[in-house]
Structure formats: C-alpha cells, structure tokens
Amino acid sequence: MHRIIKQDMNRLSVRIRKPRRKRIRPAIGIRRKIGIGFVILGSLLLFAGMVSYFELTRLNRTTTELLDNSLRDLGFSQRMLEAIGQQNDALALTVYSNKADSLDTDSLLLDGRLSFEEAFFEARARNVHSSRLQRIEQAKQEYDRVLLTPAGDSLAWYKHPYKLAYYNLLLTVKDFMISSQNTIDQNTEKIQDNAYRAIMPGIITLTIAILIIGMFYLLIDFYYIRPVLKIKQGLDNYLDHKMPYHVRLEGRDEIRELSDRIKSLMTIINKKEPNA
C-alpha cells in the first residue's frame, strides 16, 4: 500500500514539475563582437602606420643618396674648374710677366695639375660608366699633350694651341657640371613620385579604416543601441500603461537573452498579481 502511494506521488511530482527552459546561448557575445571590431580597426591602423613608416624610410634613404651623388658630382666639377684656372693663371704669369718667378709658377702649375687629377680620379671612381667623364679624360690628354709640346714663341703658343686645348677642357668640365645640375632636377621629380607612392598606401588604408569605423558604428547601432531602446520602450509601456511586454529582437546574443528574461519576469509577475 505504501509502495503504491509513493509511486503515485512521484508521478504527480513529475507532472507538476515545470519543464526546464532552454537557455539561448549567444553565438558571439557583445564583448567579443566589439573586441573583434576594435582589433580589426587597430590592425588596419597599425598596418597603415607600418607601411607609411617603411615607405618614408625608403624615401628618405633614396632622397639622401640621390642628393649626395648630385652634390658630390657638382663638387668634383668645381674642384676641376678651380684646378684648370690655377694652371691657366700660372701659364699666363709665365707668358705675360717678365718678373714672374719660374719656381712659383711651376709650383702653381704643378699644384693645379695634381688637384685636377685628384678630383678627376675621385669622380671617375664613382661614375665609372659616365660618357662625360670619358670626354673630360680625352680633353685632359689633349691639354697635357699641348703643355708638353715645346714652344719656340711662348706667346703664340699660348694664344693658339694652348687656348684651344684649355677652352676645350673647360667646356667639357662645365658640360659635366650642367649634367650634374640636370640630374638634380630629374632626381627632384623622382623624389616627388616616391613621396606620392609613399603616402598612397597610408591614405588607402586610412580610408578603409574610416569606412570600417562607419560600418562598425552602424552595426553597433543596429544590433545593440536599437534593441536596448526597444527594451526600454517595452518596459516603459508596461510600467506606465500596463501594456504587455512584446519586444521582438533578432540575433542570439546577450541582448536577446536579456529581453527573454524580462519577458519571463513579466509573465511571472502577471501570474502573481491576481493571487495578490
């Protein structure tokens, strides 16, 4: 008899026991979604900064190298012109001044020749394939040949063969200087192009980042701000006007779970109010 009563009580408790409510597990939580958004945004900004840094570093290195090469060539040209002028002054003193000391003029001439050769060999070491340097070398060989040619009449020798060789060498060196200046102009255009290429990846990445920020704001507004406002409106209608809580939300996150819990709480309150 007791066994039968116990079995009936168990059956009755099973019937009375409420079924467990299935809890909706969010696919991706709010914190995780926002965190992923900020990680993506931060990664894009970091990528833009790294690309801009490396491009600007490369631009700085290229610019420095181009300007150094151009200024160095101009320096070589200036030194060669000064050396040619020194040799010409020494020969002019020898030809036109009877009071000139031959030792001083010979020393001045030798210093000019050594200065020219030093500047020329340094320039050739850095511009091995320069056709203008080859022309300077040919003009210098002709100039040295004229200097070593015995002259019966020094004044006639100075006016005709020497002056031709001198002006030829002078114009050749000036042509090399002009080419160096033109190289600076060309390098300036390259620097401008490189600067444009350096900033473009950063601009593109920042533009994409701004678009993502806009999309991120729209997603937050659609999935979080609007649902919270709907929940608030539903609670206000229930508390102020005793209207049933009917809020329909999309998604499977904490906002949806919060709305379902509020709805369950309202159901329990409505059931208890008649008994009260």
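Visitor: Which helices each supply at least two residues of the lining of the largest pocket?

Guide: Take the lining residues and assign each to its element. In this predicted model, α2 (30-96) and α5 (154-241) each give at least two residues to that lining.

Visitor: Which element has the largest share of the lining?

Guide: That is α5, with seven residues.

Visitor: How much space lies in the largest pocket, and which residues are closest to its centre?

Guide: The volume is about 280 Å³. The lining has 13 residues, and those closest to the centre are Lys33, Ile34, Gly37, Phe216 and Leu219.

Visitor: What is the lining of the largest pocket by class?

Guide: Sort the residues into nonpolar, polar and charged. The lining holds 11 nonpolar residues, one polar and one charged. Gly counts as polar here.

Visitor: Now the whole fold. How many helices and strands does the protein have?

Guide: Count the elements, then read their order. There are six helices and zero strands. From the N terminus, the order is α-α-α-α-α-α.

Visitor: What percentage of the protein's residues are buried?

Guide: Apply the cut-off: buried means under 20% relative accessible area. Of the 276 residues, 30% are buried.

Visitor: And what is the accessible surface of the protein?

Guide: Read the total, then its makeup by atom. The total is about 19900 Å². Carbon and sulfur atoms account for 60% of that surface.

Key: Residues are numbered from 1 along each chain as its sequence is written. This is a predicted model: local features need pLDDT of at least 70, side-chain atom pairs count only at pLDDT 80 or more; totals for chains, interfaces and linings use all residues. Side-chain values use heavy atoms; hydrogens and water are left out. On a 1 Å grid over the protein atoms alone, a cavity is a set of points where a 1.4 Å probe fits but cannot get out, and a pocket is an open set with protein on both sides within 12 Å along at least five of seven lines; lining residues have an atom within 4 Å of a point. Grid points are joined across faces, edges and corners, and a volume is the space filled by probe spheres set on the points. Helices (H or I, at least four residues) and strands (E, at least two) are DSSP runs, numbered from the N terminus. Buried means under 20% relative accessible area, exposed over 50%, partly exposed in between (1.4 Å probe, protein chains only). Accessible areas come from the Shrake-Rupley method with a 1.4 Å probe; for residues, only the protein chains shown count as cover.
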